[in-house]
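Open the model in your viewer and keep the sequence panel beside it. The stops below say what to select and what is there.

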Amino acid sequence: MPRRLRAIAAISFGTALVVIDGAIATVALPTIARDLHVDSSAAVAVVTVYQLVLVMMLLPFSGLGDRIGLKRLYQGGQIVFTIATILCFFAQSLPFLLIVRAAQAVGAAAALSVSSALIRQVYPPQHLGRGLGLNSVVVSSAAALAPTLGGLVLGLGPWPWVFASAVPFAVLSLALGRALPDTPRSSAPFDILGALLCAAMFGLVIGGLESGVHGDSPVVSAAIVVAGAFIGLIFVRRERHEPKPILPVDLLGRPVLALSTIGAFTAFIATMTLLLSLPFRLQHSYGFAPSEVGAVIAPWPLTTMFVAPIAGSLSDRYPAGALGGIGMAIAVTGLVLLAFLPVHPSWIDIAWRMSLTGAGFGMFLSPNARLIIGSAPIDRAAAAGGLISTTRMVGQTVGATLVAALLALGIGSGSVPPLVAAGLALVAGACSLARLNPAIRNPRREETEQVQPAQVR
């Protein structure tokens, strides 16, 4: 138990490290755009570049973790992330900042790709939902701290200092990391070609979408997306014949996991669409100061911090489909209420709506992650964790691209983003409820024999 607690603390601090430094930039975007003399839509690239590299590297790194060891990859990623974070101090131009953010993303991808698999190694099967719920608490707490801390730092000093906030968490995580379990390594060779195809597929498709928002040539942007889709077709066809594919098509072939992944994807697009557009709406439409924006956003993750562990524990006993459906119903209600704020909203007018929405997403995401991790075979835990992280980052990247497009069209700082998010949350809720169908929820016997007891529900 003492070693388990240290391992849990190491994963928690490591997760907080990545979440804080990844989310804190959102509050600083308007300030970065002003100080670097770039458009608001261009400043969003500080977030999208980070997410793009994450998406490109998560699944290849999850495959690499099986070969070199989960613990070694996790801590190596933290070291790279910390060094890149320190370099943010020297960013005086947008191009340099984007390069450093890309380096941060490489380190973050290495850590995130195996974090869920490490959680499965640390917790006994009957408490997996509780463990993932606790991890959701860490994510929510860090997400709650990020905007508040970012607003405080922006009120006291220049924006480069906001990126330094996660460094103490890195030091603590590395110090406690010796307690992480040493998992067996696979003797199979690493699929380098598959990793390159995976990175190229995500990079070209998402990069092409970004080019369509920020570039001047729709034809070139469309060609980039088509090239990525073509590579993706080759990649998927190749992966179907691999015993342990980098893209977990074997897991996605199970209806319950496919629905869970689609629901998570649309849910993460919804969250990023709202959270990334809200600072612009608060500052441009309602006159909130940068230091106040964090306090307005904080009720969402603070509420999720309390709801997620409860939902995670409940998912050990009740179907994730029912919990997720209830959660998305709550989230849709909150998003619609955020779309129709009063003309001159006070902090409380926005805060209780944010809290309601955060409760809904907290009730959905934690049981959803528990189902994906718990339903995967033991030797595919890293792949399932990589799938969760990739789904989250692809959804958030698409959401950030969507916000950039709405800002470029002049409708990104009003009621349109929360309404779009509400529609996406509705799709996630439908996917969750569909899992209640016994033909989808109950796995075949050969699938059940591949997972740990009491983990499929």
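How many aromatic pairs does the count come to? The count comes to one aromatic pair, where rings of Phe, Tyr and Trp (its six-membered ring) pair if their centres lie within 6.5 Å. This is a predicted model, in which local features need pLDDT of at least 70 and side-chain atom pairs count only at pLDDT 80 or more, while totals for chains, interfaces and linings use all residues. Residues are numbered from 1 along each chain as its sequence is written, and side-chain values use heavy atoms, with hydrogens and water left out.

Select Trp300 and Phe361. Their rings are 5.3 Å apart centre to centre, with 15° between the planes, and are stacked (planes under 30 degrees apart; over 60 is edge-to-face and the rest tilted). Trp300 lies in helix 13 (residues 299–314) and Phe361 in helix 15 (residues 347–375), so the pair ties together parts 61 residues apart in sequence. Helices are DSSP runs of H or I, at least four residues, numbered from the N terminus. Both Trp300 and Phe361 are buried; buried means under 20% relative accessible area, exposed over 50%, partly exposed in between (1.4 Å probe, protein chains only).

Next, select helix 9, residues 218–239. Ser221, Gly228, Gly232, Phe235 and Glu239 are buried there. Seen down the axis of helix 9, the buried residues fall within an arc of 65°, taken from the directions from the helix axis to the C-beta atoms, so they line one face. On the other side, Val219, Val226, Phe230, Leu233 and Arg237 are exposed.

Finally, select Arg238 and Glu239. They form a salt bridge, with the closest N and O atoms 3.6 Å apart (a side-chain nitrogen of Lys or Arg within 4 Å of a carboxyl oxygen of Asp or Glu). Arg238 is partly exposed at 24% relative accessibility, whereas Glu239 is buried at 0%.

Conventions: Helices (H or I, at least four residues) and strands (E, at least two) are DSSP runs, numbered from the N terminus. The expected span of a helix is 1.5 Å times one less than its number of residues.
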